[in-house]
Amino acid sequence: MISIQGLRKSFGSMEVIKNVDLDIEQGKVVVIIGPSGSGKSTLLRCLNVLETPNGGIISIDDQQLDFNKSVSKKAIGAFRQLTGMVFQGYNLFPHLTAMGNVTEGLTTVKGQSKKEAEKTAGQLLAKVGLADHKEKYPYQLSGGQEQRVAIARALAMDPKVMLFDEPTSALDPELVNEVLRVMKDLAHEGMTMAVVTHEMRFAQEVADEVIFIDGGVIVERGAPADIFNNPQHERTKKFLSLLQ
Ligand code: ADP
Ligand code: MG
């Protein structure tokens, strides 16, 4: 579903993603772990071209962007629609209700009628457990509820892949599980997912593969049980020991 070859990204003279190769098969969940500043967010942001890579080829589904050549804005726009992204901060539109946040993209990007969009959005809000909160504004929702609206909003665009960048890091501990629950359900429905998270239990339970990234390179990757119980590299061992 996703294929990354030779991905490179620099900020000024600092190379943050160094020649990364990564494949994610359809329906698989990959959890990305690594120290702060190791390039996890940048990697996800390159996948939906919020950052423009300096080189490399990214393919998702049947579309490909080759950043070793010049890439058109139009190609990037189409490519971006393949992924849905959920960030640490919820980034909801504060002046729109939960319903309004989910219908916004459906009407503006997908060109649906208001009625159509509300039907889809209602289904998605029910799916994330917010059927009774459709008419609330972000300030009336808990952080966990806001994050679930953000997931529904991303799903509304019918992405091939969902990207999660520390989706529970800003939440009070008692709200983390309601978000992880929704992510687990998505995984079980066969959504292809790349998830940056420090929730090691989620990784153990849901990930098909765990990727440890440090200094802009993939140091180690494998099944969760192997990475967590039997890491091969010193850097992985050190990182995991600091989490205990
Ligand atoms: P992580 O998500 O693993 O904590 P990031 O991908 O956010 O790491 O950042 C990797 C490195 O790139 C860090 O050194 C960070 O300071 C730097 N960086 C990230 N975004 C930018 C940017 N827009 N401009 C300059 N440097 C950046
Ligand atoms: Mg980050």
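Between which two elements is the loop that holds Glu166?

Modeller: This is a predicted model, in which local features need pLDDT of at least 70, side-chain atom pairs count only at pLDDT 80 or more, and totals for chains, interfaces and linings use all residues. Residues are numbered from 1 along each chain as its sequence is written, chains are lettered from A and ligands numbered from 1 in the order in which they are written, and side-chain values use heavy atoms, with hydrogens and water left out.

Glu166 sits in the loop between E7 and helix H6 (173-188); helices (H or I, at least four residues) and strands (E, at least two) are DSSP runs numbered from the N terminus. Although Glu166 is not a glycine, its phi is positive, about 45 degrees. With a relative accessible area of 15%, Glu166 is buried (under 20%; exposed is over 50% and partly exposed in between, with a 1.4 Å probe and protein chains only).

Asp66 is buried because its relative accessible area is 18%. Its side chain makes a polar contact (N or O atoms within 3.5 Å, one able to donate a hydrogen and the other to accept it, with residues adjacent in sequence counted only if both atoms are side-chain atoms) with the backbone nitrogen of Asn68, at 2.9 Å. Leaving aside residues up to four places away in sequence, Asp66 touches Gly56, Ile57 and Val71, where contact means heavy atoms within 4.5 Å.

Residues around ligand 1 (a heavy atom within 4 Å) include Phe11, Met14, Lys40 and Thr42. A polar side-chain atom of Ser41 is 2.8 Å from an oxygen atom of ligand 1, while a backbone N or O atom of Gly39 is 3.0 Å from an oxygen atom of the ligand. Strand E2 (14-24) and helix H1 (40-47) are the elements that give two or more residues to the shell. H1 supplies the largest share, three residues.
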